Amino acid sequence: MKITLLPYTEIDGIRTIPDSDMKKFYDRTVKDGTDKTVFYEGTISNRDEFLSVMKSPGVLFYVVMIGTEPVGFTWLNRFENHTARNHFCGFSEVWGQAVGIGKEVISTLIHMKDNDGKFIFDLFTGFIPGWNQYAIKFCLQCGAKSAGIIPNAIWNKEKQKSEDAFFIYYTRGEK
């Protein structure tokens with residue numbers, strides 16, 4: 001199984017993925033029932049917001065591909081020095097293969113280099129709601145480490161309150 005990451009970027013004024021296709025990725029989260037989980041903070045609640053956020057200059061978005069088929073997506077944001085916040089979503093047809101795919105995606109991202117051959121990132125971080133045991137287990141199986149539970153670390157728009165979250169992280173040495 002060959003996994004590749006298709007970057008969503010602009011080359012000479014043209015996006016690598018049409019807006020209509022980007023919106024379909026959001027639609028897949030709705031179809032799979034993962035939209036409220038993936039976008040729990042409430043910054044994305046429809047396909048237009050999804051497109052707008054992923055086009056933001058502070059976001060690096062990638063479509064996860066197996067062969068020519070999109071099987072999920074991942075994005076990085078909140079960049080500081082050589083760190084970024086990592087987010088992910090896999091589509092239902094690959095849930096049984098999610099750990100293998102996740103490991104390869106994280107490894108690819110954390111091993112990216114700039115034009116001078118230097119690593120771009122040293123650390124990815126993430127907050128996972130304490131109630132999302134599936135995502136916590138998935139991240140740990142993909143090589144994440146946990147620094148514990150951080151009280152009130154995330155905002156849950158649906159519940160209109162801050163919630164405790166597992167703080168997870170990945171480094172090149174701990175993939």
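Reply: What follows goes through the sheet, the helix on it, an aromatic pair and then the chain. The model is a predicted one.

The sheet is open and has seven strands. Their order across the sheet is S1-S4-S5-S6-S7-S9-S8, and the pairing is mixed. In general, strands of a sheet pair through backbone hydrogen bonds, and they may do so parallel or antiparallel.

The two edges are taken by strand S1 (3-8) and strand S8 (145-156). Each of these has a single partner strand, so one side of each is left without a neighbour in the sheet. From one strand to the next, the twist averages 35°.

One of the residues concerned is Ile 149, whose bridge partner in S9 is Phe 166.

Next come the aromatic side chains. The structure holds 16 aromatic pairs. In one of them, Phe 39 and Trp 75 are stacked, with 5.9 Å centre to centre and 25° between the planes. This pair links distant parts of the chain: Trp 75 lies in strand S5, while Phe 39 lies in the loop between helix H2 (35-38) and helix H3 (47-55), 36 residues apart. Both Phe 39 and Trp 75 are buried. They also belong to one aromatic cluster, whose members include Tyr 8, Phe 25, Tyr 26, Phe 50 and Phe 61.

The chain contains five helices and nine strands, and along the sequence they follow the pattern β-β-β-α-α-α-β-β-β-α-β-α-β-β. Of contacts between residues at least 6 apart in sequence, 56% join residues at least 24 apart.

As for overall dimensions, the C-alpha trace spans about 45 × 35 × 30 Å along its principal axes. A compact globule of 175 residues would have a radius of gyration near 16 Å, and the chain has 16 Å, so the two agree. Of the 175 residues, 39% count as buried. The chain exposes about 9,500 Å², of which carbon and sulfur atoms supply 53%.

How values were computed. Residues numbered from 1 in each chain as written. Predicted model: local features only at pLDDT ≥ 70, side-chain atom pairs only at ≥ 80, totals over all residues. Heavy atoms only, no water. Pairing = 2+ DSSP bridges. Helix = DSSP H or I, 4+ residues; strand = E, 2+ residues; numbered from the N terminus. Axes fitted to C-alpha atoms, helices over the stretch in contact; angles between N-to-C directions. Rg over C-alpha atoms; globule rule 2.2 N^0.38 Å. Buried < 20%, exposed > 50% of the residue type's maximum accessible area, 1.4 Å probe, protein only. Contact = heavy atoms within 4.5 Å. Areas by Shrake-Rupley, 256 points an atom, 1.4 Å probe, with all protein chains shown as cover. Phe/Tyr/Trp six-rings, centres within 6.5 Å; stacked < 30°, edge-to-face > 60°.
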